[in-house]
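Here is a short briefing on charged pairs and helix packing. Have the sequence and the 3D view open as you read.

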Amino acid sequence: MADSENQKFCLQEVLDSFKSCLSPEKEIYIEHYVYGWRGLVKLLNSLGSLFGFISKDAVSKTQILMNFLKSENGPHYATVQSMVKFELDNKLVDVDKKGIYPESGCRTLLRLHRALRWLQLFLERLRTSKEDEKTSVMCRDAYNESLAQHHPWLIRKSAGVAFYSLPVRPAFFEVMNVGTHEQVVDVLGKAVPLLCEVYEITEELYQKHNLLDLP
C-alpha cells in the first residue's frame, strides 16, 4: 500500500479503534485510544494545513502516551483508570499547579480529551445536518462549545480562519472514505456515540479526582 493510502483518513478505522478502546468493565485502553486519535489526526490533516495547530499538538500528545506505555512503568499506563491511580498515588500530577510535571500522562490525556469533545460534537452535527448546511458553521459551533474555552485568543482566531476553509458537506463525506453518503451517516451513527461514551467515562473519572483543570 502506498504511503498516501496509509495517510488517508477512514472513518471505519476510527470506529474500530474506539470500539476496541473499552474493556467489558468500561475501562479505556490507552493504546487503542491513541490508535483512534491517530485516525482523527488523519482527518484533521485532510482538512488542510490550517488545522495543523490542533493536529500537531495531538500527534505530540499521543507520542507522549505511547512513550509511557513503552516505559518500565508501562503496565500502569494500560488504561486511563490505572494511569490516573498510578500518577496520583505517586504524586506525578500537578494537582496543586506547580508545573513540575507538564508532560504527565493525566495532563497529556486531558488535552486530547478536550479535543475529542470538539470532534465528537462536530461529527454529530455533520451526521444530522442537511446537504446545504455549512460545515464551517457546524465546526465553529462545536469548537465554541468545547475547545475554545481552553485556547488563548490567538489560537481561537486561527481556528476561526481554519473553519472557513472547510469543504462543503458532500465533499466532506467523500473524505470519510466509507462509501456513499448514506453509508457515511450510518458509520457516523455508530462512531459518534462511541466517542461520546469514551469522553463521558474520562470526564467522570477526571471530575472525581479534580483533574479537569490541570494547568
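**Charged pairs and a helix contact**

At 11% relative accessibility, Lys61 counts as buried. Buried means under 20% relative accessible area, exposed over 50%, and partly exposed in between, with a 1.4 Å probe and protein chains only. This is a predicted model: local features need pLDDT of at least 70 and side-chain atom pairs pLDDT 80 or more, while totals for chains, interfaces and linings use all residues. Residues are numbered from 1 along each chain as its sequence is written, and side-chain values use heavy atoms, without hydrogens and water.

**Salt bridges**

- A search of the whole structure finds eight salt bridges. In each, a side-chain nitrogen of Lys or Arg lies within 4 Å of a carboxyl oxygen of Asp or Glu.
- Side chains of opposite charge can pair when their charged atoms come close.

**Asp57 and Lys61**

- Lys61 pairs with Asp57 in a salt bridge, at 2.9 Å from N to O.
- The two residues, Asp57 and Lys61, are four residues apart in helix H4 (residues 52-70), so about one helical turn separates them. Helices (H or I, at least four residues) are DSSP runs, numbered from the N terminus.
- Asp57 is partly exposed, at 33% relative accessibility.

**Glu13 and Lys42**

- Glu13 and Lys42 form a salt bridge, with their closest N and O atoms 3.9 Å apart.
- This pair links distant parts of the chain: Glu13 sits in helix H2 (residues 11-21) and Lys42 in helix H3 (residues 30-46), 29 residues apart.
- Glu13 is partly exposed at 41% relative accessibility, whereas Lys42 is buried at 18%.

**Lys190 and Asp186**

- A salt bridge joins the side chains of Lys190 and Asp186, at 3.4 Å from N to O.
- Both residues lie in helix H10 (residues 181-208), four residues apart, or about one turn of the helix.
- Lys190 is partly exposed at 47% relative accessibility, and Asp186 is partly exposed at 42%.

**H2 against H10**

- H2 and H10 pack at an angle of about 35 degrees, with axes 9 Å apart. Axes are lines fitted to C-alpha atoms over the stretch in contact, and angles run from 0 to 180 degrees between N-to-C directions.
- The contact (heavy atoms within 4.5 Å) includes Leu15 and Phe18 of H2, and Lys190 and Leu194 of H10.
- Its residues divide into 11 nonpolar, one polar and two charged. Ala, Val, Leu, Ile, Met, Phe, Trp, Tyr, Cys and Pro count as nonpolar, Asp, Glu, Lys and Arg as charged, and the others, Gly among them, as polar.
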